[in-house]
Amino acid sequence: MSPLRRRMIEDMQLRGYSARTQECYVRAVRQLAEHYRASPDRLREEDLRQYFLYLTNEKKFARASATIALCGIKFFFEQTLQQHWSTLEFVRPARERKLPVVLSREEVRRILAQVRIPVYRACLTTIYGCGLRLLEGAHLQVADVDSARMLLHIHGKAKKDRYVPLPEPILQVLRAHWRTHHSPSWLFPAPTRHGLAHSLAHAGGPVTRSSLQGAFRAALKRSGIAKRAHVHTLRHSYATHLLEAGVNLRIIQDNLGHTSARTTQIYTHLTCEARATLTDPLNELMQAL
């Protein structure tokens, strides 16, 4: 590791950034350096301007990817190098308004039924049943289950903890799965090619992000469902299904760990009731044709 990268990582640690954020920011600066084949501390402000134009016009970066690149590069130059350039204040990724993909309850059941490896099926079922982010579900520990109060202790992003309701069927899934491995720490220990016993004996840790994503993609394909769904779609579907069941939006916001109600309000556009307010009058209108 170069002294420059080590310095940047130490700066992010001092700011309290998560390991995931550190990884993304370092990758953004590394890609900048690889693009110019030069150490990033030797780049000029015009180089940054041209690089962001390259990401926008040639690479066609989505807003989320462009934002990560900007934040990582901005942190490196402003905090690590103490270089404050106007370009870093001027660049802004284009705003997007995309509605998330939502699965019906039957589609969720079909996909989960196609997950073949038990640990992935149990983890994905818990992610849907409790409305979790991918790593929130993957990193659940035995101590996080409060069966007396029927709650799960969730260690959310940005180190923001919360409790979410634990449905009885999910508790039974967790208990049944735990009996297959008896890990003292992880609810979903990662399987390896040497077997689960080997993984537990050598502190293999929990299931990984990529393995869960791969299991979901394979199950989605086997289910025959054509929607562009991914693991986070289970969380979108959880929120939408609760709204359709009449649960208060504020309660859903707390369960999801959203700081702003505006983030949760997007699901009001996705419920069956919201669609029906337009679909039913349209059907009546079209009958005359």
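These legends accompany a set of close-up views of the structure above. The model is predicted, so local features are described at pLDDT of at least 70 and side-chain atom pairs count at pLDDT 80 or more, while totals for chains, interfaces and linings use all residues. Residues are numbered from 1 along each chain as its sequence is written, and side-chain values use heavy atoms, with hydrogens and water left out.

**View 1. Helix H1, residues 3-14, and its buried face.** Helices here are DSSP runs of H or I with at least four residues, and strands are runs of E with at least two, numbered from the N terminus. Met8, Ile9, Asp11 and Met12 are the buried residues of H1. They fall within an arc of 155 degrees seen down the axis, so they line one face of the helix; the arc is taken from the directions between the helix axis and the C-beta atoms. Pro3 and Leu14, on the other side of H1, are exposed. Buried means under 20% relative accessible area, exposed over 50%, and partly exposed in between, with a 1.4 Å probe and protein chains only. Helix H2 (19-36) and helix H4 (63-80) are among the elements that cover the buried residues of H1. Just after H1, look for Gly16, which has a positive phi of about 80 degrees.

**View 2. Gln22 in helix H2.** Gln22 is buried, at a relative accessible area of 13%. Beyond its neighbours within four places in sequence, Gln22 is in contact (heavy atoms within 4.5 Å) with Ile9, Met12, Gln13 and Tyr17.

**View 3. The largest pocket, with about 2,600 Å³ of space.** Of its 50 lining residues, Ala64, Ile68, Arg133, Lys157 and His232 are the closest to the centre. H2, H4, helix H8 (134-138), helix H11 (209-223), helix H12 (231-244) and helix H14 (261-265) each give two or more residues to the lining, and H4 gives the most, with 6 residues. A pocket is an open set of points on a 1 Å grid over the protein atoms alone, where a 1.4 Å probe fits, with protein on both sides within 12 Å along at least five of seven lines; lining residues have an atom within 4 Å of a point. Grid points are joined across faces, edges and corners, and the volume is the space filled by probe spheres set on them.

**View 4. The second largest pocket, of about 360 Å³.** Phe52, Thr56, Val91, Arg92 and Pro93 are the closest to its centre among 17 lining residues. Helix H3 (45-57), H4 and helix H5 (86-90) each supply at least two residues of this lining, with H3 giving the most, 5 residues.

**View 5. Helix H9, residues 168-178, and its buried residues.** Ile170, Leu171, Leu174 and His177 are buried in H9. Seen down the axis, these buried residues fall within an arc of 135 degrees, so they line one face of the helix. Their cover includes helix H7 (118-130), strand S1 (145-146) and strand S2 (151-155).

**View 6. His241 in helix H12.** His241 is buried, with a relative accessible area of 6%. Leaving aside neighbours within four places in sequence, His241 is in contact with Leu103, Ser104, Arg105, Val108 and Tyr128.

Methods: The expected span of a helix is 1.5 Å times one less than its number of residues.
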